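Please look over the sequence and the structure shown below before reading on. The briefing that comes after them goes through selected parts of the fold, topic by topic.

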Amino acid sequence: MITVNAPAKINLFLDILGKIEGGYHSLFMVMQSIGLSDEITVDKSEEKGIFLTCSDKRLPEDKSNIAYKAAEAFCSYINAEPRVIINIDKKIPFAAGLAGGSADAAAVIVALNELYGVNLTKDELCEIGLKVGSDVPFCIKGGTCLSQNRGEILSKLKPLKDCFIVLAKPERGVSTAAAYAAADNSYIYHPDCIAMLDACSKGNFEDICKNAGNVFEQVIEVPERIEIKNIMRKHGASLCQMSGSGPTVFGLFDSESDAIKCAESIKSICPDVFITKPVSHGAKII
Ligand code: C5P
């Protein structure tokens, strides 16, 4: 049996550059893996098939679960009959902009590579991952990365400075496809990709915070967002921003006590609050 730690991500930067084939968009994103993670166990089954269970019963346990699709895609890539048991211990909130589903898919792919002993390279694992979701390749590589085009062009960046991350997940679930459709129907102000990349390549935390941005904030309405950000700023956040297509808002803090006080204060308007830290890895066998 293989156990994998599957970290969530936040977007320090997200711009939509234009439409590409297959109904997708070309993106320019700075992604950061975080300590908030699911734990996935994967084992071989005697019986033919993929048998998936999840600790959170609001999520499907059939082939509509992205982790199931990842197992199918992996077995088809190596031409093996699927005989797989998957269990997901869910900690990452779903439909939250934190790549919770992609993290599970990445974990299954990494686990099956070990379980089947096929020794595929990270690039091959990412190629399989992209078949099931645009953020899966990043969730396999992890750390701090520039992610371009659909999400398959990944370049490692200097690690983000160690800090405390407060995550606030408002009630509202957001459909990623609907978020892209809303962006297609709006005029968007584009943040400065080059200034952000320059800040990231120098590892300049202050400039990273100054040049961060997420265009989905312009098209996705999250009623609590302004108040959450006000509380984060009041407690000294260096940056507060929505992650992915939302609705989760994150704040970066230098001080743990400020992060704790901020989280306490947010709880009255948004009970789903987490404190975590950046991590330098993606899906990792433990
Ligand atoms: O690849 P994934 O299943 O995560 O994408 C979900 C939806 O998000 C896609 O169907 C598409 O509408 C949108 N998307 C996009 N461009 C990307 C990534 C996702 O348009 N680069």
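Predicted model: local features only at pLDDT ≥ 70, side-chain atom pairs only at ≥ 80, totals over all residues.

One part to look for is an open sheet of four strands, and another is strand E2, which covers residues 25-44.

**The four-stranded sheet**

- The strands of this open sheet come in the order E9-E10-E7-E11, and their pairing is antiparallel.
- At the edges lie strand E9, residues 239-242, and strand E11, residues 273-276, each of which pairs on one side only.
- On average, and with direction ignored, neighbouring strands of this sheet are turned by 20 degrees against each other.
- Four bridges connect E9 with strand E10, residues 249-253, in the antiparallel sense, and in one of these pairs Met-242 has Val-249 in E10 as its bridge partner.
- Helix H8, residues 225-234, packs on the sheet, where it touches strand E7 (164-168), E9 and E10, and its direction makes about 5 degrees with that of E10.
- Helix H9, residues 256-266, also packs on the sheet, touching E7, E10 and E11, and its direction makes about 5 degrees with that of E7.
- As background, strands of a sheet pair through backbone hydrogen bonds, and the pairing can be either parallel or antiparallel.

- Which residues of H8 are buried? They are Arg-225, Ile-228, Lys-229, Ile-231 and Met-232.
- These residues lie on the same side of H8 because they cover an arc of only 160 degrees around the axis.
- In general, an α-helix has 3.6 residues a turn, so residues three or four places apart point the same way.
- The buried residues of H8 pack against E7, E9, E10 and H9, whereas Ile-226 and Lys-234 are exposed on the face that is turned away from the buried side.
- Asn-230 also lies in helix H8, and it counts as partly exposed because its relative accessibility is 43%, a value between the limits of 20% for buried and 50% for exposed.
- After H8 comes Gly-236, which has a positive phi near 95 degrees.

**Strand E2 and its partners**

- Is strand E2, residues 25-44, mostly covered or mostly open? The strand is mostly covered, with 16 of its 20 residues buried.
- Strand E1, residues 2-19, runs antiparallel to E2 and is joined to it by 15 bridges, and the bridge partner of Asn-11 in E2 is Met-31.
- E1 and E2 form a hairpin with five residues between the strands, and Gly-22 in this hairpin takes a positive phi near 80 degrees.
- E2 also pairs in the antiparallel sense with strand E5, residues 144-149, over six bridges, and Val-30 has Leu-146 in E5 as its bridge partner.
- A further antiparallel pairing over six bridges links E2 with strand E4, residues 83-89, in which Ile-85 is the bridge partner of Asp-43.

- Leaving aside residues up to four places away in sequence, Asp-104 touches Ala-6, Asp-38, Ile-40, Ala-67, Ile-88 and Lys-90.
- In helix H3, residues 122-132, the buried residues are Leu-125, Cys-126, Ile-128, Gly-129, Leu-130 and Val-132, and they pack against helix H1 (66-77), H2 and helix H4 (136-141).

**Around the ligand**

- Which residues are around the ligand? They are Gly-23, Tyr-24, His-25, Leu-27, Gly-133, Ser-134, Arg-150, Thr-176, Ala-177 and Tyr-180.
- An oxygen atom of the ligand is 2.5 Å from an N or O atom in the side chain of Ser-134, and an oxygen atom of the ligand is 3.5 Å from a polar backbone atom of Gly-23.
- A nitrogen atom of the ligand is 3.3 Å from a polar backbone atom of Arg-150.

Notes:
Residues numbered from 1 in each chain as written. Heavy atoms only, no water. Pairing = 2+ DSSP bridges. Helix = DSSP H or I, 4+ residues; strand = E, 2+ residues; numbered from the N terminus. Axes fitted to C-alpha atoms, helices over the stretch in contact; angles between N-to-C directions. Contact = heavy atoms within 4.5 Å. Buried < 20%, exposed > 50% of the residue type's maximum accessible area, 1.4 Å probe, protein only. Arc of directions from axis to C-beta. Near = heavy atom within 4 Å. Polar contact = N/O pair within 3.5 Å; in protein donor to acceptor, adjacent residues only side chain to side chain.
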